[in-house]
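Dear colleague,

I am passing on the structure we spoke about, which you will find just below. My notes on it follow, and I would be glad if you read them with the coordinates open.

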Amino acid sequence: MYDFIIVGAGSAGCVLANRLSADPSNKVLLLEAGGRDINPLIHMPAGIGRLAGNETVNWGFLTEPEPRLNNRRLWWPRGRVLGGSSSINAMCYIRAQPEDYDHWAELGSSGWSFAEVLPYFLRSQQQERGASPLHGTDGTLTVKDLDHVNPLSAIFLDAASDCGFPLNPDFNGETQEGFGLYQVTQRNGRRCSTSVAFLNPARNRPNLTLRTGALACKVLTDGTRATGVEFSVGRRLKREYGAEVILCGGAINSPHLMQLSGIGPAEHLRDFGIDVVHDLPGVGENLQDHLDICTIHQCTKPITYDFGLLREAWVGLRFFLTRSGPGTTNAAEAGGFVRSRLASDSRPDIQFHFVPAQLDDHGRNRLPGHGFTLHACNLRPKSRGRIQLGSADPAEPPSIRPDYLTHPDDMPMMLECVRISRELFAAAPFAPYRGDEIFPGSEIQSVAGLEAFVRQKAETIYHPVGTCKMGIDDEAVVDPELRVRGMQGLRVVDASIMPTLVSGNTNAPTIMIAEKAAAMILGEPEARAAA
């Protein structure tokens, strides 16, 4: 009998495992469907380019055909390994905008305003630049400046300045707006995932049990009380019991497991022959994601990261011998936050990630020659989708329906993304390096042509949230203490609880959610930022 069973050793689960097991009286079980994070490409930051198609560390989900994206099935990579998506992401550390969290509080999630969540961001951080009211140094998650920066990333910042945009040395400082270099979750040239930062220091505690290769199949219940978890290891089904079950599977796996367990929209569950434990209509609803569009140019000089196999091998050897060089890059070195001409308030509503390489189809389609790529996404899309059962078999993936571009305001924002991307690449500092425009292609200038380009090439930038929404309305799945409404002994702690998508990358906010959840579970006094 465990005190806590945590399902999913990802960005949130590793944090919870550390915090809850710090008290030796708590007996904690951590279940992870994937394996240990022993692949060396996980720990070499530039290895992300070779992890894209690696099914041993990636769930590799596919969406259902997206009607407004030419019925394409989009590829949704998610980490299936210790550290979860923090072991395969681009390591950008972004806290998002204070207004994002204040909005959560306004929607009814008391305790989640920016002033109330900031201490939990600071608790995790080991900020290389030092402590400040907005940065912490006592945590185990190292946040630092990049060790290696490609010359084109500096050119990109010169271009942004040339276009009249402000430069910003700290996206997590007083303001998010502007262009600059991203800070990353790295330590000594290596990736600092939540497995490295939180699980490794706790792994030898006798009150923490870790099981990898354990696919959660069902939350066990007695009436409306969660009592444990049924999971498969290979072909064997096993059960473990606990006083509290905490789902940390993310925006896809957490609602999927709840539905498999009979917790969700009753009619939908019955369609798959699943006995209804608790009719909770919001489970799987409210899916939100940042849809991303890439503008790609050829580069006239061979200074990009479009390496051949021999150069890749040399970069890898140098990294493993010295922890230096291009092997330490996160690829998305520079970026920015811009207030578009369609913005409804004074906040940035578009985010950019600049990559000094040609990145088509998540890097799975290698283009010849050298080039550079600019990702751009609408930070606050209005379209909403859902996660549903695809089968009653836990080994089968769920049905993922993002329903991108269903809201009429979202396509004009994507066109703004392309317009500003082109403006940046047309700036004078790029002139010595700028070759032909590969995507969308210089011949495409009309609104109709650009809309067709978006429908054919837009992809996720890996930020799904919202499917176990926190709140007090009828669609809410968890309350502000992340307890599943109408259930006992069951919580959800991951990005699925976000009522609305934050304005930026989602990994740092997910770690914050886990820090705050641990404090609530342990009964710690509510922390609050200094005024």
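**Notes on the model**

Helix α1 (residues 13-21) is mostly covered, since 8 of its 9 residues are buried, where buried stands for a relative accessible area under 20%, exposed for over 50% and partly exposed for what lies in between, with a 1.4 Å probe and protein chains only. The buried residues are G13, C14, V15, L16, A17, N18, L20 and S21, and they pack against β1 (2-7), β2 (28-31), α7 (194-202), β10 (208-211), β13 (236-247) and α13. Helices (H or I, at least four residues) and strands (E, at least two) are DSSP runs numbered from the N terminus, and contact means heavy atoms within 4.5 Å.

Please bear in mind that this is a predicted model, in which local features need pLDDT of at least 70 and side-chain atom pairs count only at pLDDT 80 or more, while totals for chains, interfaces and linings use all residues. Residues are numbered from 1 along each chain as its sequence is written, and side-chain values use heavy atoms, with hydrogens and water left out.

A search of the whole structure finds 0 of them. The sulfur of C14 has its closest cysteine sulfur in C248, at 9.3 Å, which is too far for a bond. C14 is buried at 0% relative accessibility, and C248 also counts as buried, at 7%.

Two helix pairs deserve a look. Axes here are lines fitted to C-alpha atoms, for helices over the stretch in contact, with angles running from 0 to 180 degrees between N-to-C directions; angles under 35 degrees count as roughly parallel, over 145 as roughly antiparallel, 65 to 115 as roughly perpendicular and the rest as oblique. The axes of α5 (residues 114-124) and α13 (residues 507-521) come within 8 Å and cross at roughly 100°, so α5 is roughly perpendicular to α13. On the α5 side the contact involves E116, V117, Y120, F121, R123 and S124, and on the α13 side A508, P509, I511, M512, E515, K516 and A519. These residues divide into 8 nonpolar, 1 polar and 4 charged, with Ala, Val, Leu, Ile, Met, Phe, Trp, Tyr, Cys and Pro taken as nonpolar, Asp, Glu, Lys and Arg as charged, and the others, Gly among them, as polar.

In the other pair, the axes of α11 (residues 410-425) and α12 (residues 447-457) come within 10 Å and cross at roughly 100°, and the two helices are therefore roughly perpendicular to each other. Here M411, M414, L415, V418 and R422 of α11 meet V447, L450, E451, F453, V454 and R455 of α12, a contact with 8 nonpolar, no polar and 3 charged residues.

Finally, two loop residues. T500, in the loop between β24 (490-492) and α13, is buried, with a relative accessible area of 17%. Its side chain is joined to that of W104 by a polar contact of 3.2 Å, meaning a pair of N or O atoms within 3.5 Å, of which, within protein, one must be able to donate a hydrogen and the other to accept it, residues adjacent in sequence counting only if both atoms are side-chain atoms. Leaving aside neighbours within four places in sequence, T500 is in contact with H103, W104, L107 and Q288. L146, in the loop between β6 (141-143) and α6 (151-162), is buried at 13%.

With best regards

Terms used
Disulfide = S-S within 2.5 Å.
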